[in-house]
Every structure is written in structure tokens, then in C-alpha cells.
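Student: I have a model open and want to learn how to read its features. Can we go through them one at a time?

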Amino acid sequence: MAITHIHAVARDPNSGELLLATHEGLFRHVNSELVQNGQVIDLMGFAVAPDGTYYASGHPGAGVDLPQPVGLITSTDAGRTWRVASRGGQSDFHALTAGPAAVVGFDGVLRSSTDGTTWTTRSIPAPPRTLAAAPTSGTLLATTEAGLLASSDTGSTWRPLSPPGTALAVTWADEKTIVIATTTGQLGVSSDAGATWSLNPTRIGPAEALHARRGSDGGLEIVVVADSKVLRTLDGGTTTENLLP
């Protein structure tokens, strides 16, 4: 099956496999090939919690027994099967993240939940394009038209950060390392939770999805979907490898 659009990219914390959440469902990158994983669901929002639970939102494919929209769905078997946790037929979370203690999504309203079932409405200065939760503290980041915002209280209050450029997408690589993709197609990195930044001059194109992780050796892997390519870089964007040539 051909992939027409990639909404999100992540790595499974247990297997380390690269995951692509697409218009045609979830795919795994295995031995340089894409393998479809589970049902055909248009995964508009997708996130993997630190404990390995998958969270998603979007629209069911033809013949898939899920509500329209699906609301918040969860998987505890690495995406092979899904169940509706809440808001089935109500919410299509285009921005979605899962931290250690809460799931936060935006479906026209910013909402947070500690159990995936009961939701609390939050406020934010501008609608988020992407959301990201730190793996240990759960500190939230949001890319918005009002700039890059951070919240330490699950979205109750927000403060601005000052990255070197307008952030189009954002992700945490570890508890201190933030990676952004800018509107000019560059990658920026902060190793101190947003206090200081470096911006790579290389332009790799406007990001459609972004993922980063810090390895046990201290190395930083960034995976960015740009111009329909899945690019991996180990040097902050100076050189890239196309994982789907």
C-alpha cells in the first residue's frame, strides 16, 4: 500500500523500531522496508507514552469498526489492535502527546487527561500545531502562531521560549534536549530545556513530522519527515540519510 501522507513519526521505546503514523495507518520501518501494522486508520494524531502505550486519533478506514472520528484510541500491543478510550465520535486530535502522567490533545480545544477517559479543558494563547511532553517531568511544549510555548502544569499556564527561528514542529529527545524544525526548514537544538539554542544552517525542508532521541552514548538522533522523505541525521541536520529511498 502506498503512503500518501505521514502525520507523525516516533520510535517504539521497547523495540526501538521506527513508526510512521500515516493516512493509511501505522507502519514500521523494519530492515529498510515498511511493514503495515494493524488496521487502516487515518492517524491524524499519534504518540507513544514513555511506558510504551500507543495513543492515536483520526478516522477509521473502510470496514474498520471504530467511530467517526475515533476519539482517543489506545494500543497496548504495539499498534496491532486498538480500543476506544474516550470521546469516540467526538474528537479528532490533530495535535497529541503522551507524557508519563497525562495525555494532552487539541481537537479545537486543548484537553488533558490523566487516565485517557476523563478530560480537563485547558487554555492556550494560540492553537497548537504540535505538542510534545518531556519523558520524565511531562513538561509540555507547543508550536503555535504565538511562538514556542512551554507548560509545567499540564497546560494550565504557558510561558514563551525563544528559539532561533519560528518553530514549526517540536519534540523532546530526553528530559533536557529539545529539537525544533523551523519554518525556514532548519533544525534547532537546546540541551538545557530551552534556555540556550543552536541552529544548524543547513536547510532540509519544511517538516511534516519530527522525532528525536538521545542515545545511551550521548548521541542525538533526529528523524524528520520533509518533502515526503523520512530523513535521519546524527549531526543536527548537516548531513541526512533518506530512510525510504
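Student: How do the residues of the lining of the largest pocket divide into nonpolar, polar and charged?

Tutor: Keep in mind that this is a predicted model. Start with the general idea. Rolling a probe the size of a water molecule over the atoms shows where empty space is left. Now the case here. The lining of the largest pocket holds 25 nonpolar, nine polar and seven charged residues.

Student: What volume does the largest pocket have?

Tutor: The volume is about 1,000 Å³. The lining counts 41 residues. Val9, Ala10, Thr171, Leu210 and His211 lie nearest the centre of this pocket.

Student: Which elements give two or more residues to that lining?

Tutor: They are β1 (6-11), β5 (41-48), β9 (95-98), β13 (130-133), β17 (167-172) and β21 (207-214). The largest share comes from β21, with seven residues.

Student: What lines the second largest pocket?

Tutor: Its volume is about 150 Å³. The lining is made up of Ile3, Thr4, His5, Ile6, Glu208, Val225, Ser228, Lys229, Asn242 and Leu244. By class, that gives four nonpolar, four polar and two charged residues.

Student: On to charges. How many salt bridges are there?

Tutor: The idea is a distance test: a side-chain nitrogen of Lys or Arg within 4 Å of a carboxyl oxygen of Asp or Glu. By this rule the model has nine salt bridges. One of them joins the side chains of Glu17 and Arg28, at 2.5 Å from N to O.

Student: Why does the pair of Glu17 and Arg28 tie together separate parts?

Tutor: Look at where each partner sits. Glu17 is in the loop between β1 and β2 (18-22), while Arg28 is in strand β3 (residues 25-30), so the pair ties together parts 11 residues apart in sequence.

Student: What is the distance between the closest N and O atoms of Asp107 and Arg87?

Tutor: In this salt bridge they are 3.9 Å apart. The pair links distant parts of the chain, 20 residues apart. Asp107 is in the loop between β10 (103-106) and β11 (110-113), and Arg87 is in the loop between β8 (83-86) and β9.

Student: Where do Arg214 and Asp174 lie?

Tutor: These two form a salt bridge at 3.8 Å, N to O. Arg214 belongs to strand β21, and Asp174 to the loop between β17 and β18 (178-182), 40 residues apart. Arg214 is partly exposed at 29% relative accessible area. Asp174 is partly exposed too, at 23%.

Student: Which residues are linked in a network of salt bridges?

Tutor: Arg11, Arg213, Glu221, Arg232 and Glu241 are linked in this way.

Student: Last, a single residue. Is Thr130 buried or exposed?

Tutor: Apply the accessibility cut-off again. Thr130, in strand β13, has a relative accessible area of 16%, so this residue is buried.

Student: What does the side chain of Thr130 reach?

Tutor: The Thr130 side chain reaches the backbone nitrogen of Val170 at 3.5 Å. A polar contact of 2.6 Å also joins the side chains of Thr130 and Thr143. Leaving aside neighbours within four places in sequence, Thr130 is in contact with residues including Ala95, Leu141 and Leu168.

Technical notes. Residues numbered from 1 in each chain as written. Predicted model: local features only at pLDDT ≥ 70, side-chain atom pairs only at ≥ 80, totals over all residues. Heavy atoms only, no water. 1 Å grid on protein atoms, 1.4 Å probe; cavity = no way out; pocket = protein on both sides within 12 Å on 5 of 7 lines; lining within 4 Å. Points joined across faces, edges and corners; volume = space filled by probe spheres on them. Helix = DSSP H or I, 4+ residues; strand = E, 2+ residues; numbered from the N terminus. Nonpolar A, V, L, I, M, F, W, Y, C, P; charged D, E, K, R; others polar. Buried < 20%, exposed > 50% of the residue type's maximum accessible area, 1.4 Å probe, protein only. Polar contact = N/O pair within 3.5 Å; in protein donor to acceptor, adjacent residues only side chain to side chain. Contact = heavy atoms within 4.5 Å.
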